[in-house]
Amino acid sequence: MWIAARRGVRSEDVWARYTQRVLMTGALLGPRDVTLIFLSYARIKYRDVKVLNFLSPFVLTQLHHFSTFELVLLLNAHKKLEYERIDTIKVLLGVICDRYTEWNAKHIALTANAVAHFYIYQPAFWKRVSIMLPKVVWHMNALELSNLVSAMARVDNRHGRSLLLLARMSRRCAENNLFSQETLAVAINSFAKLDFNDTRLAVAFEGAAMVKLDKALELGQEYRKTSLKDVDVFDVQALVLILHSFVCFTNGSDEAVQKLLTLINWSKNELSPFQRRTLKTTCILLRRERPALCRSLPHDVRRTMQSFEENAPEVPTNVSRWQRELKTTLLRMDISVELKAVVDDQILDIYLPSSNAVVYAAGPFAHYINSTNRTAYSKLHQRLLEADGYTCLVVPYYEWSELKTEEDKMVYLWSLGRRAAGQSKDERIEDALPSSDMQTSDMNDLEEPSGRRQLVRTREELA
C-alpha cells in the first residue's frame with residue numbers, strides 16, 4: 001500500500017482491493033502497520049470511512065506502542081483525510097503532550113497544524129509548545145515555521161514570546177528567500193491575523209514577496225500556465241492573502257500593492273466567491289485610504305477593482321445564538337432592527353436604520369484566546385463600518401454574558417448608545433485602528449507580555 005501511495009497510484013479498484021485486505025487481516029496488524037496504512041490513505045487522499053472506523057480501535061488499544069513520530073503522523077493523517085474522529089484525536093494529542101520532552105521541530109509543526117485544522121484548542125498542548133519552542137525554533141525550516149504560525153492564527157493563540165521567536169526565525173528565512181510561494185503567503189497572513197507588527201519582519205517579508213512578484217511579471221500573463229508549474233510564483237490564493245494583509249494590516253508599499261493587483265487582474269477568472277469577498281473589502285479600504293495609488297493604476301486594473309466592489313459574491317451567511325438574543329432585546333426596546341450584510345457579504349450585522357448605527361456583536365471568535373483583546377479581523381470590520389459612516393456600537397460577549405436580566409441588558413444597551421452619541425467620529429475611528437493593542441516589538445525583548453485580563457471561560461466551555 002505504501003509503495004502504491006508513493007508512486008501515486010490512484011485507481012479506485014486498486015484501493016478498494018487494498019481496503020478489503022485490510023479488513024480481512026486487521027487482527028494481525030501491528031503499530032507500524034496501522035501507521036503505514038493511515039499514511040497511505042492520507043497520501044493518496046483515499047477516504048473510506050468504513051476502514052478508518054475499523055482501524056481506530058487498533059490505534060487506541062496499541063496507543064503506547066507507537067513512537068512519538070508515529071503518533072504525530074497518525075494525527076496528521078486524520079487531518080489530511082478530514083477524518084473528524086474527535087475522541088481519537090484528543091487521545092492521540094494527550095499522549096503526544098505526555099512525551100513533550102521528545103519533541104523536535106517537525107513534531108511541533110505537524111501536531112499544531114493538525115489540531116488547529118479541527119479547531120481543537122488544548123491549553124496543555126500550547127503550554128508545552130511555548131516551553132519547547134525556544135529549544136527547537138532555531139532548527140525549524142520555512143515550512144515548519146509557516147505551519148506553526150498559521151496554526152496559532154487559526155485558533156487565535158497570540159502568545160507573545162512564541163510569536164517573537166517565530167518572527168525572528170521567519171525574518172532570517174525571508175531574507176535568505178527560503179519560503180516557497182505558498183508558505184510565504186501563509187506566514188504573512190498569519191502574522192497579520194495575529195496583529196503582530198515588526199518593522200524588520202515586514203521589510204523582510206515584502207522583500208521576499210517582491211522577488212516572486214517580479215518573476216511572475218517577467219513571465220507575463222502566461223505565468224499561470226501548466227508548463228510553468230515548477231516556477232516558484234504566487235498562485236491566486238497567495239496573491240489574495242498577501243494583498244489583503246498588505247492593504248488592511250501591515251501597510252505594504254504602493255509598489256507591492258500595484259504589482260499584486262496587476263497579477264490578480266490577469267487571473268481574475270480563476271477567483272472563487274470567497275476570494276472575491278476578501279478582495280471586495282480590500283479594494284474598498286484601498287480606495288479610501290490610498291486614493292492617489294488607485295488613480296495611478298492602469299484602466300483595466302481599476303475596472304477589475306470596481307467589479308469586485310459592485311458585484312456581491314455568493315457566500316453563505318450565519319447568525320450566532322447570542323446575536324439573535326441581542327436583536328430580540330433591541331426589538332423589545334421598540335427599536336427598529338435589520339439583520340443585513342453591511343460591509344462584508346458573509347457577516348450579518350444588526351443595523352439600526354433610525355440612527356444609521358450598527359450594533360457589532362463581538363463574540364468569542366472576535367477575541368484572542370484567554371484575552372479581551374479583539375482580533376485584527378474584528379477591528380478591521382469596525383474600521384470598514386466607521387469608514388462607511390456608520391456609528392459602530394461594539395458589544396463584547398464577556399460583558400453581555402454578565403448581564404442576567406432583561407432590565408440589565410436594556411440598561412446596558414441604552415448606556416452604550418449614549419456613550420457612542422457623545423463620542424466624536426475621530427475618537428471612534430481611533431478605537432478601531434489596528435495599532436490600538438497591536439503586539440509590537442523590536443524582537444530584542446523576548447519577555448511574554450503581561451497585564452492581560454484572563455477569562456475564566458475557555459473556548460471549549462463557551463462552545
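# Reading contacts, helices and rings

Leaving out neighbours within four places in sequence, valine 233 is in contact (heavy atoms within 4.5 Å) with Gln181, Lys212, Lys215, Ala216, Leu219 and Tyr223.

Me: What should I know about the model and its numbering?
Reply: This is a predicted model, where local features need pLDDT of at least 70 and side-chain atom pairs count only at pLDDT 80 or more, while totals for chains, interfaces and linings use all residues. Residues are numbered from 1 along each chain as its sequence is written, and side-chain values use heavy atoms, with hydrogens and water left out.

Me: Where is valine 233 placed, and is valine 233 buried or exposed?
Reply: Helices (H or I, at least four residues) and strands (E, at least two) are DSSP runs, numbered from the N terminus. Valine 233 is in the loop between α12 and α13 (236–250). For accessibility, buried means under 20% relative accessible area, exposed over 50%, and partly exposed in between (1.4 Å probe, protein chains only). Valine 233 has 8%, so it counts as buried.

Me: How do I read the way α10 and α12 pack?
Reply: Start with the axes, which are lines fitted to C-alpha atoms, for helices over the stretch in contact; angles run from 0 to 180 degrees between N-to-C directions. Angles under 35 degrees count as roughly parallel, over 145 as roughly antiparallel, 65 to 115 as roughly perpendicular and the rest as oblique. Here α10 (residues 160–175) packs on α12 at an angle of about 30 degrees, with the axes 8 Å apart. That makes the two helices roughly parallel. On the α10 side, the contact is made by Ala167, Ser170, Arg171, Ala174 and Glu175, and on the α12 side by Arg200, Leu201, Ala204, Phe205 and Ala208.

Me: And which way do α12 and α14 cross?
Reply: A crossing is left-handed if the near helix is turned anticlockwise from the far one by less than a right angle, and right-handed if clockwise. α12 passes α14 in a left-handed crossing. The axes of α12 (residues 199–219) and α14 (residues 254–266) come within 10 Å and cross at roughly 40 degrees, so these helices are oblique to each other. Residues of α12 that meet α14 include Met210, Leu213 and Leu217, and their partners in α14 include Leu260, Leu263 and Trp266.

Me: What about rings: how many aromatic pairs are there?
Reply: Rings of Phe, Tyr and Trp (its six-membered ring) pair if their centres lie within 6.5 Å; planes under 30 degrees apart count as stacked, over 60 as edge-to-face and the rest as tilted. A search of the whole structure finds 15 such pairs. In one of them, phenylalanine 125 and tryptophan 126 have ring centres 5.1 Å apart and planes at 70 degrees, so the pair is edge-to-face. Phenylalanine 125 is buried at 0% relative accessibility, and tryptophan 126 is buried at 6%. Elsewhere, Trp15, Tyr18, Tyr41 and Tyr46 form one aromatic cluster.

Me: Which residue has its charged end over tyrosine 351?
Reply: A charge sits over a ring if NZ of Lys or CZ of Arg is within 6 Å of the ring centre and within 35 degrees of the ring normal. For tyrosine 351 it is lysine 340, 4.3 Å from the ring centre. Lysine 193 lies over the face of tyrosine 377, at 5.9 Å.
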